[in-house]
Amino acid sequence: MLTMLYESQCSAYRIESNMDYVGGDLLNEAATVRDQNGCCAACERATRCNAFTYVVETQACWLKTGRRHAQPATADERGATIVSGVRG
């Protein structure tokens, strides 16, 4: 049931694999969540959140004001798997 709730919330977001949304962070640190759906759900609950970037290996969820400075994830990020999403 919880997975279905996450999926319905996240259907309002355009998901981009291996794309990092740089800047526009709502907080000074990332939230720790289990997966990208949890990150999306956290964004849905946060005031002013319209996008997110999730780092799979560290489970770091960065809530964003929007899709600013989107750039492909690069090798200097130690090969981390990054998934970002923007509302709309």
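Author: Start with cysteine 39, which has a relative accessible area of 0% in this predicted model and is buried. A disulfide joins cysteine 39 to cysteine 61, with an S to S distance of 2.0 Å. The two cysteines come from distant parts of the chain, cysteine 39 from helix H2 and cysteine 61 from strand E5, 22 residues apart.

Reader: Is cysteine 61 buried or exposed?

Author: Buried means under 20% relative accessible area. Cysteine 61 has 1%, so it is buried.

Reader: What is the handedness of the disulfide between cysteine 39 and cysteine 61?

Author: Handedness is read from the torsion about the S-S bond, which is about 85° for cysteine 39 and cysteine 61, so this disulfide is right-handed.

Reader: How many disulfides does a search of the whole structure find?

Author: The search finds three. One of them joins cysteine 10 to cysteine 40, with S to S 2.4 Å. Because cysteine 10 is in helix H1 (residues 2-10) and cysteine 40 is in helix H2, this pair ties together parts that are 30 residues apart in sequence. Cysteine 10 counts as buried at 10% relative accessibility, and cysteine 40 counts as buried at 0%.

Reader: Which cysteine forms a disulfide with cysteine 43?

Author: Cysteine 49 does, and the sulfur atoms of the two are 2.0 Å apart. The torsion about the S-S bond of cysteine 43 and cysteine 49 is about -105°, so this disulfide is left-handed. Both cysteine 43 and cysteine 49 are buried.

Reader: What pattern do the disulfides of the chain follow?

Author: Count the bonded cysteines along the chain and write down the partners. The pattern is 1-3, 2-6, 4-5.

Reader: How many residues of H2 are buried?

Author: For a helix, go through the residues in turn. In H2, seven of the ten residues are buried, so the helix is mostly covered. The buried residues are Asn37, Gly38, Cys39, Cys40, Ala41, Ala42 and Cys43.

Reader: What is the general rule for which way helix residues point?

Author: An α-helix has 3.6 residues a turn, so residues three or four places apart point the same way.

Reader: Which residue caps the N-terminal end of H2?

Author: Look for a side-chain oxygen beside a backbone nitrogen. Here aspartate 35 is the cap, with a side-chain oxygen 3.2 Å from the backbone nitrogen of asparagine 37.

Reader: Which residues touch the most other members of the largest nonpolar core?

Author: That core has 13 residues, and the ones touching the most other members are Cys39, Cys43, Phe52, Tyr54, Cys61 and Leu63. Helix H2 (36-45), strand E4 (51-55) and strand E5 (60-64) are the elements that give two or more residues to the core. H2 gives the most, with four residues.

Reader: How many aromatic pairs does the count come to?

Author: The count comes to one. Tyrosine 13 and phenylalanine 52 form this pair, with 5.8 Å centre to centre and 55° between the planes, which makes it tilted. Tyrosine 13 lies in strand E1 (residues 13-17) and phenylalanine 52 in strand E4, so the pair ties together parts that are 39 residues apart in sequence.

Reader: What relative accessibility does tyrosine 13 have?

Author: Tyrosine 13 has 6% and counts as buried. Phenylalanine 52 has 0% relative accessibility and also counts as buried.

Technical notes:
Residues are numbered from 1 along each chain as its sequence is written. This is a predicted model: local features need pLDDT of at least 70, side-chain atom pairs count only at pLDDT 80 or more; totals for chains, interfaces and linings use all residues. Side-chain values use heavy atoms; hydrogens and water are left out. A nonpolar core is a set of buried Ala, Val, Leu, Ile, Met, Phe, Trp, Tyr and Cys residues joined through side-chain atoms within 4.5 Å. Buried means under 20% relative accessible area, exposed over 50%, partly exposed in between (1.4 Å probe, protein chains only). A polar contact is a pair of N or O atoms within 3.5 Å; within protein, one must be able to donate a hydrogen and the other to accept it, and residues adjacent in sequence count only if both atoms are side-chain atoms. A disulfide is a pair of cysteine sulfur atoms within 2.5 Å. Rings of Phe, Tyr and Trp (its six-membered ring) pair if their centres lie within 6.5 Å; planes under 30 degrees apart count as stacked, over 60 as edge-to-face and the rest as tilted.
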